Amino acid sequence: MGTTAARFLQDLDPGRRPDLPATTAGTLRLDMRGEGCTDHWYLTVADQHVRVTRSADDADLLVRADRAVFDQLATGQLHLAEALLRNELTVRGDMALLMLLRRIFPGPAGARHPRALGRAALAEHEGSR
């Protein structure tokens, strides 16, 4: 069985995440619907750290979707923007925080950052001189 969003969030490393902007902070609540109930996950982002708790408190950004959609996000099978455009999830609040959530969930398996590809191409080009 693949990773579920709940397992992903439980195991999320609370350490520093350099991929998150240092100046962005806020709270996000993820409402995962399924099997007749809704699970609430509360993320607090500050100083490039993400703290995860279970709470239905108000947050700066509220994201709602079926549990299956969050599971696909947690495995990298679905991109956050794709789910939003397909109306598979709803968002209310500070949209800048949605971009943070995109960085918290993993990308597709085998994906590489464009800068890493550029640096590798540059190194290869300089090595061929």
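User: In this predicted model, what makes Arg-54 count as a charge over the face of Trp-41?

Analyst: Arg-54 lies over the face of Trp-41, 4.2 Å from the ring centre. The distance limit is within 6 Å, so 4.2 Å meets that part of the rule.

User: How many aromatic pairs are there?

Analyst: The count is one aromatic pair.

User: Why is the pair of Phe-8 and Phe-105 called stacked?

Analyst: Their ring centres lie 5.4 Å apart, and a pair needs centres within 6.5 Å. Their planes meet at 25°. Planes under 30 degrees apart count as stacked, so the pair is stacked.

User: What does the pair tie together?

Analyst: Phe-8 sits in helix H1 (residues 5–10). Phe-105 is in the loop between helix H4 (96–104) and helix H5 (114–127). The pair therefore ties together parts that are 97 residues apart in sequence.

User: How do you know whether Phe-8 and Phe-105 are buried or exposed?

Analyst: Buried means under 20% relative accessible area. Phe-8 has 16%, so Phe-8 counts as buried. Phe-105 has 6%, so Phe-105 is buried too.

User: Why are strand E3 (49–53) and strand E5 (89–93) called edge strands?

Analyst: Five strands form an open sheet in the order E3-E2-E1-E4-E5, with mixed pairing. E3 and E5 each pair on one side only. The twist averages 20° from one strand to the next.

User: What makes strand E1 (residues 26–34) and strand E2 (residues 37–46) a pair?

Analyst: Pairing takes at least two bridges. Nine bridges join E1 to E2, so the two strands pair; they run antiparallel. Leu-28, for one, has Leu-43 in E2 as its bridge partner.

Terms used:
Residues are numbered from 1 along each chain as its sequence is written. This is a predicted model: local features need pLDDT of at least 70, side-chain atom pairs count only at pLDDT 80 or more; totals for chains, interfaces and linings use all residues. Side-chain values use heavy atoms; hydrogens and water are left out. Rings of Phe, Tyr and Trp (its six-membered ring) pair if their centres lie within 6.5 Å; planes under 30 degrees apart count as stacked, over 60 as edge-to-face and the rest as tilted. Helices (H or I, at least four residues) and strands (E, at least two) are DSSP runs, numbered from the N terminus. Buried means under 20% relative accessible area, exposed over 50%, partly exposed in between (1.4 Å probe, protein chains only). A charge sits over a ring if NZ of Lys or CZ of Arg is within 6 Å of the ring centre and within 35 degrees of the ring normal. Axes are lines fitted to C-alpha atoms, for helices over the stretch in contact, and angles run from 0 to 180 degrees between N-to-C directions.
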